[in-house]
Amino acid sequence: MKELANMEASPPAGAKLHESKSLREWYVDLKVLDETHPIYGNGVYRLYFNFPESYPVEVPRVQFVATEDRPIPLHPHIYSNGHICLDLLGDNWSPVQNAATICLSIQSMLAGNDVPERPPDDERYVKHAPDNPKKTKFMYHDDTV
């Protein structure tokens, strides 16, 4: 409850709680703070958060969702189904992280990218991907974007 209250009252810059269906299910609108960024400067993107009962010990499910006015961003680590290949959301999760730090990490990932494209295996991955990205065993080998 405290984290939801913090996200409502004082979210990180560029993040805004769009909706909380419950304490465990949120939608957050996110934008890159650099409005001149050549790819994401004017975009606002929607993240879906689903917090497991064992949160913060267990990583939440986080992925982009598309809406009529919120596309899934083009990025070499973001699949067209919204799944995000980010070690913080997998092997490098730590209970000291929270929704705000996840938002900041994703903003940083977007801001550091200048290649508007999907991962090279996007089509194959999306065809066979589980609904929940936490069930994917990503290989974190590219930290250049």
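How many disulfides does a search of the whole structure find? A disulfide is a pair of cysteine sulfur atoms within 2.5 Å, and the search finds zero. Cys85 and Cys103 show why: the sulfur of Cys85 is 18 Å from the closest cysteine sulfur, the one in Cys103, which is too far for a bond. Cys103 is buried, with a relative accessible area of 0%, and Cys85 is buried too, at 12%. Here buried means under 20% relative accessible area, exposed means over 50%, and partly exposed lies in between (1.4 Å probe, protein chains only).

Keep in mind that this is a predicted model, where local features need pLDDT of at least 70, side-chain atom pairs count only at pLDDT 80 or more, and totals for chains, interfaces and linings use all residues. Residues are numbered from 1 along each chain as its sequence is written, and side-chain values use heavy atoms, with hydrogens and water left out.

## The sheet

Four strands form an open sheet in the order β1-β2-β3-β4, with antiparallel pairing. Strands and helices are DSSP runs (strands E, at least two residues; helices H or I, at least four), numbered from the N terminus. Two strands pair if DSSP finds at least two bridges between them. At the edges sit β1 and β4, each of which pairs on one side only.

β1 and β2 are joined by six bridges in the antiparallel sense; in one of the pairs, Ala15 has Leu30 of β2 as its bridge partner. The helix α1 packs on this sheet and touches β1 and β2, and its direction makes about 140° with that of β1. Such angles run from 0 to 180 degrees between N-to-C directions, using axes that are lines fitted to C-alpha atoms, for helices over the stretch in contact.

## The nonpolar cores

A nonpolar core is a set of buried Ala, Val, Leu, Ile, Met, Phe, Trp, Tyr and Cys residues joined through side-chain atoms within 4.5 Å. Which residues of the largest core touch the most other members? Of its 30 residues, they are Trp26, Leu47, Phe49, Phe64, Ile84 and Ile106. Elements that each supply at least two residues include α1 (2-9), β2 (25-30) and α2 (99-111). The most comes from α2, with six residues.

Phe64 has contacts (heavy atoms within 4.5 Å) with residues including Leu47, Ile72, Ile84, Ile106 and Leu110, not counting residues up to four places away in sequence. A second, separate core has five residues, among them Tyr79, Cys85, Tyr125 and Phe138.
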